Structure formats: C-alpha cells, structure tokens
Amino acid sequence: MRIKQTFLRLAAALLLAHLAMAARAAELPAAFTDALRQAGIPLDHVAVVVQPLDAATALVSHNADAAMNPASVMKLVTSYAALHQLGPRFSWPTEVWADGPVRDGVLEGDLIVKGYGDPSLTLERVWLLQRELRARGIRHIRGNLLLDTSYFELPPLDPGAFDGEPLALYNAAPGALVANFNATTLRLKPEGDSLQIVPEIALPGVTMRAEVVLTSAAGCNGWKETVTPAIPDPTRRELVLSGHYPRGCGEQALSLNLFEPAATFDFIFRGLWAESGGTLAGQTLPGMAPASLPLLRVESPPLTDALTRLNKFSNNLMTRNLFLTLGAARFGPPATLDKGHRAVRATLDAQGIATDKLVLENGAGLSRIERISARSLSQLLQAAYASPLFSEFESALPIVAIDGTLKRRFNGSPLVGSAHLKTGTLRDVSALAGYVYTARGRRIAFVMLVNHKHAKRAQEAQQQLLEWVWHDVPAAVAP
C-alpha cells in the first residue's frame, strides 16, 4: 500500500511538472509582447518557438503550426537539404571543349562551354579558367563561342515580376552558366557638369546614358537611392541613369542585374579574354557539348564555401541555383523547379522534419507564396544540431553584430557574438531563425516569424525576445 501511495505521489508530481512546463511554454515575455504592441503587430501574426537543445519540451511555443512566409529564412531549408543530400565536399563543374585543331595558339573552330549551375563563378574564377585555356595553347579563337546551358530547364522568368525591380541584383535569375552573380558593375565618375558611366567589363552594343544632375552635397550616404537605373525599351540594349548624384561621392561602383545569365557570361568571358590579349572572332550562340571528354574541367570551391556566402549575405541567385542543383542531382538532369521541390521535401521527410505546411517556389525565400511553420524550422534546427554536419551548418549563418546581414543588428546588446541567426526580410515579413548561446553556455534553437504590414517594426520585439532567451533560459529550464 505504501509503495502504491509513493508511486501515485511521484506520478502526480511528474504530471504537475509537465503542466507547469506546458504553462511556461504558453507564456511570452512581457517585454516582448509590449514591444509587439507598440509596433502595432498582433500576436496572431507572430510565430515563435524557443527550444533548448538539451530539453525535450520547448520553452516557448506560440502559433508554432501556422503556415508563415519565412522570407530568406527559407535558405536554411535549402542549405540543410544540400548538406545532407550533396555533402560538404560537393562542387560544381564547368567544362570546356575545343571543337577544332589548335595551331600556333589559334583554335581553328568553336569553343564550347557547358555550365552545371556553379553559383560561385566569379570574375577571378573566369580569369583562371581562361588562364588554363592559354596554358593549353589557345590564345585566339577563330570560331564561335557556344554556350551549353541545357543542364537547367527553366520557364521564362521575368526578373521584375517579384517587386518591379528587374535591375536589382537580388532579382537575378538562376542559370546553368552564371558569371559574377550575374552582376554588371559600372563605375560612376563626376566629370565637369556630367556623370560618366564606365563599365568594368566592355559592353559592346550597349548604350549607356546619364540623365543625372550633379549636386554640391559633400555627404555620400544613401547615394544609391538617388540614382535610378532603367532600360526604357526592352527591345534595345540601352541603360539610362536618372536622378541626382553628390559630387562629394567621387567615384562609386554600381552593380546591376542588366542581362540574362548567358548574356552576362558572354560579356564577361569576352571582356576578360580581350584584356589578356586574346581574340574571339565568331558570335556567341547556344550550343550543345559533345559526348567526348572536355579539354578543360574546372571545379567550384566546396559546398561549404557556397553556403557561407549564401547565408551570411543572403544571396538569392546562389540559393536558387543550389535548389535546382538538388533536383538534378536527385532525379537526373535537366534541373527543374519541380525536381528541386521534390528533392528538398524528400530530404526533410527522411529526417523526420514536418513538411505539411511547406510551400516552395525557389528555395530562396524570394517569394510571396513560400510557407513553412515555426515548428518545422525548429525541428530542422534540432536535426541539424544532432547531425555530424552541424559545424558546417551553423558556421554558415550570420553572427549577431559581427558579420553578414547581422553586422549592424543588435549592436550594444549582450547578444553580440552570442547567436548565429539567419535573417529574412520582405515587405510584410520579418524573420529570424538559428542558434542562441545563453549567458551560461546553453544552446537554444530560436525561431521567430512575423507576417504583418508592420513587420519592419519588429526589430525591438526580436531583440527583447532574444535577450530574454540569453538572460533567462538557464533559470527557467534546468539542464
């Protein structure tokens, strides 16, 4: 009888402890809810999960199963799937064929370049690729430049469809052959009463006109907001800059998404080739690589390098190329958006991460329709933490007040250097997700999603919740 009573008392104590934990999980810090109220953001437009990584129960779980737009926090999903499907050492190849004999430094035929979606083919790496060609005896090309982009199969994409900013770099379209993140960089130089536009790479056939008023302002903050680039006639390659430009800015660089990826690659390849003394007599045309072994095959840096740039600086083009790569790697080329969707979902399902609220468009969060729940993101963060690849996953995330998209966020708070978080920002969306290290060294998976017209005002609430986690979690939940 005494044993039975002891057992019942123990069961009751455990039940009460469980109920107390559940009650705590339903509570939100007053400073956090006050900040939301002052920002005009209702609680039902916010989802939060605060999950200690050494506990089975969330410390805070609010609106956790709501399907929310995560903006660029969706990059965590694509990154996690990539690490587990492709592995940290994965790299993208770019292959080159010489279709003809090479005599005395002259290729008597076409040069064929095939891309496989390398999102990190920078100016420097294109230059190195060309250096390898010269090392193989090619200095002049009598034929055409043939570009094989067949590894990706994409519908027509309007770069301005998302927000009416087609020239913004964050709207650059993915492509099997992309150079320099599809950026065309222009040097703006005040000279006399006019602004000169000098492209870093020669742009034959492209007209550039500056209808910019030079002002006497000495300050230079926000100059990019005062200069408006536009292509008035889509059928003509003519760029017009309008607005005003402070003389005090001196020379500045402006990088734009001017052309579709294959055209940008063409300008960059030809420009660098000419700078090194090479000639390319023919046209640039679509082509197909032969079945023979390539003359040259260059590999990108490993996936871990790409994930760092992709997440710390929220690079949409890199993520979109990675998303497509996942589809081709799992289901075979050509890469399609549908294959990317299925590949990511399959990886998450295999790891026990809920996908019932998951809606994918491009895997980068540059979308009005992408959705995921805070609970699914928390599960992903927990699964990543339990994985042998956790170090690679976490190290790719911005560090609070230190680098990436968080370099200027939460400065002066105790959070400095104590959290690795992916940011997400769109009109009506503000999101954070990642890992917080508390004052006593505990690790916490943190997710906060805001979908509301006042989402841009959510930063104070984010800071209040993060600081509460940093200060209070050790006392609130015993290890």
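A salt bridge is a side-chain nitrogen of Lys or Arg within 4 Å of a carboxyl oxygen of Asp or Glu, and that definition will be needed at the second stop of this tour. The model is predicted, so that local features need pLDDT of at least 70 and side-chain atom pairs count only at pLDDT 80 or more, while totals for chains, interfaces and linings use all residues. Residues are numbered from 1 along each chain as its sequence is written, and side-chain values use heavy atoms, with hydrogens and water left out.

Select Cys-220 and Cys-249 first, where a disulfide (a pair of cysteine sulfur atoms within 2.5 Å) joins the two with an S to S distance of 1.9 Å. This pair links distant parts of the chain, 29 residues apart, with Cys-220 in the loop between β11 (207–215) and β12 (227–230) and Cys-249 in the loop between β13 (238–246) and β14 (252–256); strands here are DSSP runs of E, at least two residues, numbered from the N terminus. The link is right-handed, with 120° about the S-S bond.

Next, select Lys-422 in strand β18 (residues 419–426). Lys-422 is buried yet has no salt bridge, and the nearest side chain of opposite charge, Asp-403, is 11 Å away; buried means under 20% relative accessible area, with a 1.4 Å probe and protein chains only, and Lys and Arg count as positive, Asp and Glu as negative, with His and the chain ends not counted.

Terms used. Helices (H or I, at least four residues) and strands (E, at least two) are DSSP runs, numbered from the N terminus. Buried means under 20% relative accessible area, exposed over 50%, partly exposed in between (1.4 Å probe, protein chains only).
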